[in-house]
Amino acid sequence: MQDWAKRGVMYQIYPRSYQDSNGDGIGDLKGITSRLDYLADLGVDIIWFSPIFSSPNYDNGYDISDYRNIMQEMGTMADFDELLSEAHKRNIKVLLDVVLNHTSSEHEWFKQSKSSTDNPYRDYYFWKPEKDGAPPNNWISIFEGSVWEKDDITDEYYLHYFVKQQPDLNWENPKVREELVAALRFWLDKGVDGFRLDVIPLISKNIDFPDSDSQNIGHLITTHYANGPRLHEYLHFLHDRVWKDYNCFTVGEGVGVPIDEIKNYVSADRKELDTIYHFAHFEVDTGTGGKFDCIPVDYEKFISIFYAWDQALGDDGWGIVYLGNHDLGRMTSRFGSKKYVAESAKLLNSIILTMRGTPIIYMGDEIGMTNNQYSDITEFNDVQTLNSYKVHIYQGGTVDDFIEAANIQSRDHARTPMPWTDETHGGFTAGTPWLALNPQKSTINVRQQLQDDHSVYHFVKALIRLRKENEALAIGQIRPILDTPPRVMQFIRVHGEERLWVIHNLSDESVEVQSELLNENAELLLSNQEIMNDADSLYCKPWQTAIFKI
Ligand code: NOJ
Ligand code: CA
């Protein structure tokens with residue numbers, strides 16, 4: 001794995017929502033280019049862009065209709081070339097988000113594939129006849145309904161793990177693999193620095209397509225969809241045919257990857273991926289009913305999950321540390337405090353930037369954005385939220401219960417446009433935004449945060465600087481301190497002689513933390529609040545985060 005990828009601070013942009021440059025209400029590439037100085041100033045080293053390829057946008061770009069072209073709303077290839085070269089001028093690397101598990105139903109391959117049973121593209125996807133008057137098996141889609149959709153032209157069903165406009169590619173077919181290799185090389189040859197690989201553990205299917213004993217989506221993903229029989233062969237193939245020829249960084253979306261499998265994806269000797277990111281810490285506030293089954297956060301579990309995965313990765317494995325992305329509610333609303341909003345936002349950013357692994361800051365989290373509050377289902381835009389709503393009502397649930405859960409978990413919260421100012425549309429667009437801005441823009445926006453030395457933004461910037469100045473924070477090992485008060489996460493980062501002691505109080509309470517480390521000439525490097533201590537104890541304030549050199 002490249003050293004820059006380990007040390008780099010990553011930032012994820014959801015391009016539709018970052019900056020609109022032409023007044024059509026949709027963020028675009030030129031808009032992002034105009035904000036590169038903001039990112040460079042924050043200290044960002046690597047940007048991951050959610051998909052910018054041609055797409056009819058049934059799932060906002062995660063349905064690609066042409067792997068080698070730019071989505072019309074995003075701009076042109078010339079705009080992309082400019083963005084790439086302007087990013088590189090500022091020493092910022094660019095990762096594209098590529099979807100290799102499925103395409104759009106409007107991709108030329110699928111149009112051909114569905115046209116007849118003997119079309120040369122037929123085997124680019126999975127087609128099956130009906131079984132006893134029903135779909136070929138009982139699997140259900142991650143986004144709603146059966147994974148099988150019947151197409152009238154040939155009267156057969158095709159497979160789609162997500163919405164029906166996202167048919168799954170058949171990786172068993174060597175021609176599919178070759179097409180994808182060529183597409184990946186096309187972008188790397190242009191100079192992009194790597195990829196975030198969408199739902200990569202799902203690409204190898206169990207082609208017997210057995211019925212499942214349970215239709216619980218979590219069960220289906222871990223038992224039937226993820227980690228298929230030829231998965232590691234395919235990942236190795238990508239390494240051999242693509243990654244190894246470039247100085248690139250590959251980050252897999254580790255959906256359905258169990259903790260004891262992670263090494264098989266990322267150990268250097270496997271020659272598969274550099275790293276993947278898991279979802280285990282997002283299970284601490286959801287029940288068995290899945291994403292919209294919300295329960296209170298179990299903070300002890302939350303803390304222990306970070307340590308467990310770090311240990312599973314071991315010295316030769318490298319992970320990702322993140323608390324939010326475009327598929328999740330805002331981290332501050334989910335794991336932070338309603339009472340100490342800004343301090344908890346700082347602390348959560350501090351977790352991201354003090355743990356071992358490449359940190360990813362999701363756009364807007366550097367200014368402490370929180371969830372929007374929606375009151376009506378018509379205000380939501382996200383296909384997953386809307387489909388889950390239909391299922392919830394069909395199963396007898398109430399509208400109010402669903403809205404309450406969606407106000408924590410809907411993907412829309414992370415997708416509201418970036419508030420640059422407190423103007424009507426937050427300086428995001430001169431037109432009408434594709435998704436309404438979060439009204440909090442009048443108090444939480446970039447302009448205001450830049451002016452306030454005590455803002456979340458300035459704290460994040462200081463954290464990033466600290467990470468760059470201290471090898472132990474960037475690449476050091478992590479030694480958990482387990483003898484610690486409830487909801488207080490403490491650990492030591494070690495690299496050679498350098499040792500840093502990190503404390504995060506994830507609670508609304510003040511806590512006394514007794515520690516012998518205070519006697520070891522502990523020197524405070526950074527905290528979000530004033531430090532109070534005596535020779536034996538640190539008196540942590542609610543949501544205090546602190547980093548000491550010892
Ligand atoms: C994971 C992506 O992050 C999500 O946004 C998308 O809907 C699914 N994969 C399907 O591509
Ligand atoms: Ca635009």
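Predicted model: local features only at pLDDT ≥ 70, side-chain atom pairs only at ≥ 80, totals over all residues.
Student: How many residues of β10 are buried?
Tutor: Strand β10 covers residues 249-253. Buried here means under 20% relative accessible area. By that cut-off the strand is mostly covered, and the buried count is 5 of its 5 residues.

Student: Which residues of β10 point the other way from Phe249, Val251 and Glu253?
Tutor: In a regular strand, side chains alternate between the two faces of the sheet. In β10, Phe249, Val251 and Glu253 point one way, and all residues of both sets are buried. Those that point the other way are Thr250 and Gly252.

Student: Which residue of β11 stands opposite Gly252?
Tutor: Strand β11 (residues 275-277) runs parallel to β10, and 3 bridges join the two. For Gly252, the residue opposite in β11 is Ile276.

Student: How many bridges join β9 to β10?
Tutor: Strand β9 comprises residues 194-198 and runs parallel to β10. One facing pair is Leu197 opposite Gly252 in β10. The number of bridges joining β9 to β10 is 4.

Student: Which strands stand at the edges of the sheet, and why is one side of each left without a neighbour?
Tutor: The open sheet has 8 strands with parallel pairing, in the order β11-β10-β9-β5-β2-β1-β13-β12. Each edge strand has a single partner strand, so one side of it is left without a neighbour in the sheet. The edge strands are β11 and β12 (320-321).

Student: How many residues in the shell around ligand 1 are charged?
Tutor: Ligand 1 is surrounded by 14 residues, the closest being Asp59, Arg196, Asp198, His326 and Asp327. Asp and Arg count as charged. The shell also holds 4 nonpolar and 3 polar residues, and its charged residues number 7.

Key
Residues numbered from 1 in each chain as written. Chains lettered and ligands numbered in written order. Heavy atoms only, no water. Buried < 20%, exposed > 50% of the residue type's maximum accessible area, 1.4 Å probe, protein only. Pairing = 2+ DSSP bridges. Near = heavy atom within 4 Å.
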